[in-house]
Amino acid sequence: MAKARIAVIGAGLMGHGIAQVFALAGHDVVITDAFAQNLETVKSRIVANLRDLGDDEGAVARVAPRADLAEAVRDADYVVEAVLEDLPLKQKLFAEVERHVRPDTILASNTSVIPITAIMQGLEKRERALGTHWWNPPFLVPLVEVIETQWTSPAAIAWTMELHEAAGKKPAHVKKDVPGFIGNRLQHALWREAIALVEQGICDAETVDAVIKASFGRRIAVLGPLENADLVGTDLTLAIHNTVLPAIDSRPGPSPYLQKLVADGKLGFKSGEGFRKWSADEQAALRAKVVAHLKASRDR
Ligand SMILES: NC(=O)c1ccc[n+]([C@@H]2O[C@H](COP(=O)([O-])OP(=O)(O)OC[C@H]3O[C@@H](n4cnc5c(N)ncnc54)[C@H](O)[C@@H]3O)[C@@H](O)[C@H]2O)c1
């Protein structure tokens with residue numbers, strides 16, 4: 001992949017990590033943010049990550065912070081936005097960006113759940129617009145979902161897939177702009193049933209998590225569900241579905257159990273209790289365990 005000029009808008013949790021990945025891959029990255037302090041600290045945050053991971057700290061030299069949006073995007077081949085999850089803000093931002101970039105500059109949003117179609121519908125050249133859904137932390141989780149809208153050109157998708165692949169990511173082409181894309185649809189199908197098992201008194205929250213971690217969680221990193229279905233046989237999968245699917249939760253909205261937790265202020269780590277109680281030490285230990293696991297399973 002030839003060296004590209006990349007602009008990242010938003011230097012928060014996701015934006016600084018995305019900038020880091022592209023800089024490490026050899027691209028020139030300009031990063032901008034509406035808040036001066038986030039720009040002032042962006043290089044030191046990236047250096048700290050690179051050092052922690054044992055990656056080349058010199059890569060930070062390819063990251064240039066710029067306060068002015070127009071200046072930040074003017075020469076870009078590719079612009080990726082990682083500002084707050086707010087539709088009017090993102091729409092306004094892309095309208096502004098489009099005034100300053102070349103007609104062929106590719107424009108991407110890293111939204112978690114807002115439809116890419118809604119964000120990009122007001123653009124003049126919608127064929128160059130798409131979604132790229134990174135996962136946190138961007139430099140440790142390989143997946144980037146590349147989301148096509150009804151307007152996106154095949155060339156824009158192909159270039160973006162190659163950009164991410166060459167930067168060491170695992171891009172997945174999402175051919176329709178559906179809520180949750182692919183990863184979060186799968187993840188939250190599982191969470192819905194996990195909550196239903198607790199709600200129905202079949203087990204407690206600790207048991208749900210223990211069952212997953214001690215069973216298919218062990219193999220899921222190397223054996224996806226459809227590989228698994230083929231491995232055991234589609235006939236066996238059909239037999240299981242005939243019995244199990246009618247019994248599992250299929251309510252269209254969020255569980256009343258989850259709604260009550262939120263209404264009661266049981267918000268998880270941030271309030272010290274969610275599905276279960278969490279001391280400060282337990283929270284820190286779980287966070288550290290996840291990062292250590294992601295680092296150990298990192299592809300180099
Ligand atoms: N945090 C996650 O796990 C995660 C995962 C995938 C996608 N996302 C999505 O990525 C985006 C960013 O999330 P985050 O967690 O990095 O948020 P964040 O709050 O850490 O960062 C957002 C940054 O955008 C900046 N900003 C706000 N308005 C701006 C503007 N008008 N122009 C330029 N910069 C502006 C803020 O100052 C902040 O630095 C959101 O759309 C979010 O839904 C987040």
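Asn-110 sits in the loop between strand 5 (106-109) and helix 6 (116-120); helices (H or I, at least four residues) and strands (E, at least two) are DSSP runs, numbered from the N terminus. The model is predicted, so local features need pLDDT of at least 70 and side-chain atom pairs count only at pLDDT 80 or more, while totals for chains, interfaces and linings use all residues. Residues are numbered from 1 along each chain as its sequence is written, and side-chain values use heavy atoms, with hydrogens and water left out.

**Two asparagines**

Let us stay with Asn-110 for a moment. Asn-110 is buried, with a relative accessible area of 8%. Here buried means under 20% relative accessible area, exposed over 50%, and partly exposed in between (1.4 Å probe, protein chains only). The side chain of Asn-110 reaches the backbone nitrogen of Trp-134 at 2.8 Å. That pair is a polar contact, meaning N or O atoms within 3.5 Å; within protein, one must be able to donate a hydrogen and the other to accept it, and residues adjacent in sequence count only if both atoms are side-chain atoms. Leaving aside neighbours within four places in sequence, Asn-110 is in contact with Met-14, Ile-18, Glu-81, Ala-82, Thr-132, His-133 and Trp-134, where contact means heavy atoms within 4.5 Å.

Which side chain does the side chain of Asn-49 meet in a polar contact? The partner is the side chain of His-16, at 3.0 Å. Asn-49 lies in helix 3 (residues 42-53) and is buried, with a relative accessible area of 15%. Beyond four places in sequence, Asn-49 is in contact with His-16, Gln-20 and Phe-139.

**The nonpolar cores**

A nonpolar core is a set of buried Ala, Val, Leu, Ile, Met, Phe, Trp, Tyr and Cys residues joined through side-chain atoms within 4.5 Å. The largest one has 39 residues, and the members touching the most others are Ile-6, Val-8, Phe-22, Val-29, Ile-31 and Tyr-78. Helix 1 (residues 13-24) gives the largest share of this core, 6 residues. Another core, of 20 residues, lies apart from it and includes Ala-7, Phe-94, Ile-114 and Ile-116. As for Val-8, its contacts outside four places in sequence are Gly-15, Ile-18, Ala-19, Val-29, Val-30, Ile-31, Thr-32 and Val-80.

**The second largest pocket**

The second largest pocket has a volume of about 300 Å³. Its lining holds 14 residues, with Phe-139, Ala-167, Gly-168, Arg-298 and Asp-299 nearest its centre. On a 1 Å grid over the protein atoms alone, a cavity is a set of points where a 1.4 Å probe fits but cannot get out, and a pocket is an open set with protein on both sides within 12 Å along at least five of seven lines; lining residues have an atom within 4 Å of a point. Grid points are joined across faces, edges and corners, and a volume is the space filled by probe spheres set on the points. The lining divides into 7 nonpolar, 2 polar and 5 charged residues; Ala, Val, Leu, Ile, Met, Phe, Trp, Tyr, Cys and Pro count as nonpolar, Asp, Glu, Lys and Arg as charged, and the others, Gly among them, as polar.

**Backbone features**

Most residues other than glycine have a negative phi, and most peptide bonds are trans. Asn-136 and Pro-137 are joined by a cis peptide bond, with omega about -10°. Pro-137 is found in the loop between strand 6 (129-134) and strand 7 (143-147). Phe-181, a residue other than glycine, has a positive phi near 50°. Phe-181 is placed in the loop between strand 8 (170-174) and helix 8, and counts as buried because its relative accessibility is 2%.

**Pairs along the chain and in space**

The table sets sequence separation beside C-alpha distance.

| Pair | Apart in sequence | C-alpha distance |
|---|---|---|
| Asp-86 and Val-262 | 176 residues | 21 Å |
| Ala-196 and Leu-93 | 103 residues | 40 Å |
| Gln-200 and Lys-277 | 77 residues | 20 Å |
| Lys-295 and Asp-52 | 243 residues | 9.9 Å |

Asp-86 lies in the loop between strand 4 (78-81) and helix 5 (87-98), and its side chain reaches the backbone nitrogen of Leu-89 at 2.9 Å. Ala-196 belongs to helix 8 (residues 183-199) and is buried, with a relative accessible area of 1%. Gln-200 is partly exposed at 48%. Lys-295, in helix 14 (residues 280-296), counts as partly exposed at 31% relative accessibility. Outside four places in sequence, Lys-295 is in contact with Asp-52, Leu-53 and Leu-140.
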